[in-house]
Amino acid sequence: DDYVIRNGKPEKRALPIDAIRKIAELDLGKDTALFRDRNIFMMSFLLNGMSYVDMAHLKLSNIADGRIRYSRKKTDEPYNIKIHHQLKPLLAYFTKDKKSYNQIVWARKRYNDNLKKLAELAGIQENITSYAARHSFASGANEMGIPLTAISQMLGHKRISTTQAYLANLRKGKMDEYQDEIF
């Protein structure tokens, strides 16, 4: 009875890369919830937009040989993601204990509330939720000219149309660059 099937175009949740940088560069107290949640957001972005639920279920055993290997909870698709140097200091924030689904849902609510505070501190007008890192990763990759098929595979989508729904519209300057290349 509580399940709702969405229809229509999904809301674009991607942030521009400069907004991601502003969040990353915020000077926050190390023992604060905002520090923790900023790090979770950045980890999501640096892990190809990994969902909050998937991050919450990660264990140390998922990390081996400089990579993170796991299966996505939503689709059971396997992932194998390289750990870049920017991610290494953030990995300490993963919990080792398996949490119940209700604990994860409650933690995601707190996380989303803190993301709104982080946006305010960084001077970002866009609405930020746990999915903003995922959408921002996809849109940033698209802006960089990474093929849509590669972005789709990194996100674990089975259909390109799902990936396309994630992408923010290309900025006008990028469209002008493409037009210049054509001409």
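Q: How many cavities of 30 Å³ or more does the structure hold?
A: The structure holds 1. On a 1 Å grid over the protein atoms alone, a cavity is a set of points where a 1.4 Å probe fits but cannot get out. This is a predicted model: local features need pLDDT of at least 70, side-chain atom pairs count only at pLDDT 80 or more, and totals for chains, interfaces and linings use all residues. Residues are numbered from 1 along each chain as its sequence is written, and side-chain values use heavy atoms, with hydrogens and water left out.

Q: What lines the largest cavity?
A: Ser44, Gly49, Met50, Ser51, Tyr52, Arg108, Ser130, Tyr131 and Arg134, where lining residues have an atom within 4 Å of a point. About 40 Å³ of space lies inside, a volume being the space filled by probe spheres set on the points, joined across faces, edges and corners.

Q: OK, helices. At what angle do H2 and H5 cross?
A: Roughly 35°, with the axes of H2 (residues 33–46) and H5 (residues 132–143) coming within 8 Å. Axes are lines fitted to C-alpha atoms over the stretch in contact, and angles run from 0 to 180 degrees between N-to-C directions. Helices are DSSP runs (H or I, at least four residues) numbered from the N terminus.

Q: Which residues make the contact?
A: Phe41, Ser44 and Phe45 of H2 meet Ala132, Ala133, Arg134, Ser136 and Phe137 of H5, with contact meaning heavy atoms within 4.5 Å. Ser44 and Arg134 also line the largest cavity.

Conventions: Helices (H or I, at least four residues) and strands (E, at least two) are DSSP runs, numbered from the N terminus. On a 1 Å grid over the protein atoms alone, a cavity is a set of points where a 1.4 Å probe fits but cannot get out, and a pocket is an open set with protein on both sides within 12 Å along at least five of seven lines; lining residues have an atom within 4 Å of a point.
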